[in-house]
Amino acid sequence: MGFHHTAFASKDIMATHEFYTKHTGFELAKVNIGPTENGGWAKHLFYEMSPDTYIAFWELHDEKLPTAWSPAISTGQGLPLWVNHLAFRAASLEDIAARRDRWLEHGHDVMEIDHGWCTSIYTVDPNGILVEFCVTTQAMT
């Protein structure tokens, strides 16, 4: 069983949109707008990563929410950046190279690590979330 989608909050939805479409290559598939339980409203944007698999972000407009919140899923909680992160599957080492080059072309710092059993590239999205593309290069044993 896989995920249908994962959802995160964003403080800058336009920067998030640009990162996940232009910089990462996902496609905006759906946007829902609706009221929140506190009398505000929210926009939920879904980006298709592969057929019927999505990542989603919330743009929140609700005066009853705290003003001092962080969308950074690790550093916003006082944890190191690498603890909570998003790891997307890459198809091959060639795919890793193409995605690395795309991020570099858009001005992102990119780290590449051969972990011995997989190869990964990393950058940070506009929400302070560490984003990874990973390809398995050896059997998981």
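The model is predicted: local features need pLDDT of at least 70 and side-chain atom pairs count only at pLDDT 80 or more, while totals for chains, interfaces and linings use all residues. Residues are numbered from 1 along each chain as its sequence is written, and side-chain values use heavy atoms, with hydrogens and water left out. The secondary structure of the chain comes to two helices and eight strands, where helices (H or I, at least four residues) and strands (E, at least two) are DSSP runs numbered from the N terminus. The strands include those of an open four-stranded sheet ordered β1-β4-β3-β2 and those of an open four-stranded sheet ordered β5-β8-β7-β6.

**Overall chain**

- Read from the N terminus, the elements follow the order β-α-β-β-β-β-α-β-β-β.
- The radius of gyration of the chain is 16 Å, which agrees with the value near 14 Å that a compact globule of 141 residues would have; the radius is taken over C-alpha atoms, and the globule rule is 2.2 Å times the number of residues to the power 0.38.
- Along the principal axes, the C-alpha atoms fill a box of roughly 50 × 35 × 35 Å.
- Of the 141 residues, 35% count as buried, a term that means under 20% relative accessible area, with exposed set at over 50% and partly exposed in between (1.4 Å probe, protein chains only).
- The accessible surface of the chain is about 8,500 Å², and 55% of this surface belongs to carbon and sulfur atoms; areas come from the Shrake-Rupley method with a 1.4 Å probe, and for residues only the protein chains shown count as cover.
- Among contacts in the chain with a separation of 6 or more, 50% are between residues 24 or more positions apart, a contact being heavy atoms within 4.5 Å.

- β1 runs parallel to β4 (residues 53-61), and six bridges join the two strands; Phe-8 has Phe-57 in β4 as its bridge partner.
- Helix α1 lies across β1, β2, β3 (41-50) and β4, at about 165° to β4.
- The buried residues of α1 (residues 13-23) include Ile-13, Thr-16, Phe-19, Tyr-20, Thr-21 and His-23.
- Gly-25, which follows α1, has a positive phi near 95°.

- β5 and β8 run parallel and are joined by five bridges, and Leu-86 has Val-131 in β8 as its bridge partner.
- β7 and β8 run antiparallel and are joined by seven bridges; Cys-118 has Thr-136 in β8 as its bridge partner.
- The hairpin of β7 and β8 has five residues between the strands, and Gly-128 in its turn has a positive phi of about 80°.
- β6 pairs with β7 (residues 118-124) in the antiparallel sense over four bridges, and Asp-114 stands opposite Thr-119 in β7.
- β8 is mostly covered, with six of its seven residues buried.
- Helix α2 (residues 93-105) lies across β6, β7 and β8 (130-136), running at about 15° to β7.

**Cysteines**

- The structure holds zero disulfides, a disulfide being a pair of cysteine sulfur atoms within 2.5 Å.
- The sulfur of Cys-134 is 3.5 Å from its closest cysteine sulfur, that of Cys-118, which is too far for a bond.
- Cys-118 counts as buried because its relative accessibility is 2%, and Cys-134 counts as buried because its relative accessibility is 17%.

Key. Pairing = 2+ DSSP bridges. Axes fitted to C-alpha atoms, helices over the stretch in contact; angles between N-to-C directions.
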